[in-house]
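Biologist: I am new to this structure and would like to learn how to read its features one at a time. Could you take me through it slowly?

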Amino acid sequence: MIIRLLSAALVAGFLAAVVATGLQFALTSPLILKAEVYEEQAGKQASLSSPFARLIMPAHGDAHGHGDPGAAQEWEPSPGLERMAYTGLATLVGGVGYALLLGAVMLALKREPSPETGLALGIAGFLTVALAPAIGLPPELPGMASAALGVRQAWWLMTVVATGLGLYLIAVRRVPLTIAGGIVLIVAPHLAGAPLVVDTDSKLPAAYAAQFAARSLGVSLIFWAVIGLAYGWAWRLFGEAASSGNRSHA
Amino acid sequence: MSTTTASTQTSASASESTRAIVIAVLLGLGLVFMTGFAPAMALHNAAHDFRHTQNFPCH
């Protein structure tokens, strides 16, 4: 069973990564590159105005380096093909990771994996890890002002866990008490409030940021839909392969 | 007799699926952590554009 789950997750993660990587190159990566030009300008201005400004501002000194000034020496993929290759690789690893989690949830819920149940769970995955956190912390371009990383990661994690549990209580348990509890869980992180920073010195046009947020959510939706559909399809495929294999042995 | 066999099989497949769930969850969380959260600068830089697009809190 574990072999079948791992195989189906590998196939689903790979197919989803192929689709999502193409969409990222077409839709989101060009906006990230444009934003980095503004980010670089802001970084230069900051280092001119005050030697300490770079420590305070979340601006980046070079085109792609991040965080504190020491980070400039860290390895990073060279622009162009190498950077695209690493983006594709990260999408593949992330896609397989998400597909494994989807497969584990499917098994825990005792649902027979099919393209239909896979798609339903994929949409739930999108709502949980993409849409719910994005309502408080919208997908952001490099160089936009933001709260401390640890605070944002903690809120992100809390929102994902609460939304996932909430959806489970609403969609799987489905009795009035659990539905009410699920709604409370889904809403609570947003009432607590996301660590969003509104003030910014960034010259980045708002239209780029808005377009990026919408496109990023669109890419996530398709990423998750393909993971779910492909997982259900591949699960069946490996089941048939195994049973016909057994028959030929017998 | 047949009932015992059936229940043994059920518990065997239940423990098999529990094991599969645990392995898949640990592996899946590990991979997602690596691409989305790992603080190592080299990993961050490699996965940078993916992190931004998939809305992981970044830098």
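**Reading the two chains**

Modeller: In chain A, 76% of the contacts with a separation of 6 or more join residues 24 or more positions apart, where a contact means that the C-beta atoms of two residues, placed from the backbone, lie within 7 Å. The model is predicted, so that local features need pLDDT of at least 70 and side-chain atom pairs count only at pLDDT 80 or more, while totals for chains, interfaces and linings use all residues. Residues are numbered from 1 along each chain as its sequence is written, and chains are lettered from A and ligands numbered from 1 in the order in which they are written.

Biologist: How many helices and strands does chain A have?

Modeller: Helices (H or I, at least four residues) and strands (E, at least two) are DSSP runs, numbered from the N terminus. Chain A has 7 helices and 0 strands.

Biologist: Which helices of chain A supply at least two residues each to the side that touches chain B?

Modeller: In total, 45 residues of chain A are in contact with 30 residues of chain B. The helices α1 (2–49), α3 (81–108), α4 (115–136), α5 (149–173) and α7 (206–249) of chain A each supply at least two residues of that side, and α3(A) gives the most, with 15 residues.

Biologist: Where does UniProt place the "transmembrane region" of chain B?

Modeller: The unreviewed UniProt entry places this feature at residues 20–43 of chain B; positions follow the numbering used here, feature names are shortened, and annotations may be inferred rather than shown by experiment. In the model, the end C-alpha atoms of residues 20–43 of chain B lie 28 Å apart, and the span is 83% helix and 0% strand.
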